Amino acid sequence: MIQSTSTISQAGPILCDWLESFWDFNTSFYILERLSHGHSITKAHAANMAGKIRNYWRPFFGEFHRGELTRGKAREFAVHIAEITRTVKKNGLSSQVPLSGSTIKDVMQAGTVAYTWALSEGQITENPFDGLMGFSRPGHDSPRLLTV
């Protein structure tokens, strides 16, 4: 289905394109602003966040637009990420293990930091990730809220 220009402009940029440019160390206004105010952010961190967008966000969201992201879709993505497993080989045997809690946190923060910043800059009127519940791995007592 072809979208009209007004629909595209109202929906904002392609979500994953916007997120990847948000984490581009050489061109991101967010990174420039952090550095100019004396806050640290490394090229490695920015590259790691951009990689999370390419490896986890883009396969899920595809050509989705930033303004189309609802709280429901954000929750669906969070559950999707928590259900991803990877293959681990040990002693010649393969098993499926979930992503580590730190990987899930990084994947989510790759987008939530951008949305929080965009909200503070007036680029968006609502952050669909605000207060979204995080996940605990087995052995943890209770769920926690994502820090956004």
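Strand E1 (residues 85-90) is hardly covered, with a count of 0 buried residues among its 6 residues; buried denotes under 20% relative accessible area, exposed over 50% and partly exposed the range in between (1.4 Å probe, protein chains only). The model is predicted, so that local features need pLDDT of at least 70 and side-chain atom pairs count only at pLDDT 80 or more, whereas totals for chains, interfaces and linings use all residues. Residues are numbered from 1 along each chain as its sequence is written, and side-chain values use heavy atoms, with hydrogens and water left out.

E1 pairs with strand E2 (residues 93-98) in the antiparallel sense over 6 bridges, pairing being assigned if DSSP finds at least two bridges between two strands. Within this arrangement, Thr-87 stands opposite Gln-96 in E2. The hairpin of E1 and E2 has 2 residues between the strands, and Asn-91 takes a positive phi near 55° there.

The protein contains 6 helices and 2 strands, taken as DSSP runs (helices H or I, at least four residues; strands E, at least two) numbered from the N terminus. Along the sequence, these elements follow the pattern α-α-α-α-α-β-β-α. Of the 148 residues in the protein, 34% are buried. Contacts (heavy atoms within 4.5 Å) between residues at least 6 apart in sequence join residues at least 24 apart in 56% of cases. The accessible surface comes to about 9,000 Å², and 53% of this area belongs to carbon and sulfur atoms; areas were computed by the Shrake-Rupley method with a 1.4 Å probe.

Helix H4 (residues 43-61) comprises 19 residues and reaches 25 Å from its first C-alpha to its last, close to the 27 Å expected at 1.5 Å a residue; the expected span is 1.5 Å times one less than the number of residues. A kink of about 30° is centred on Arg-54 of H4, the bend being the angle between axes fitted to the seven residues ending at a residue and the seven starting there. The buried residues of H4 include Met-49, Ile-53, Tyr-56, Trp-57 and Phe-61. Among the elements covering the buried residues of H4 are helices H2 (15-22), H3 (29-36), H5 (71-83) and H6 (101-120). Gly-62, which follows H4, has a positive phi near 55°.

Aromatic pairs number 16, with rings of Phe, Tyr and Trp (its six-membered ring) paired if their centres lie within 6.5 Å, and planes under 30 degrees apart counted as stacked, over 60 as edge-to-face and the rest as tilted. The ring centres of Trp-23 and Tyr-30 lie 5.8 Å apart with planes at 80°, so this pair is edge-to-face. Both Trp-23 and Tyr-30 are buried.
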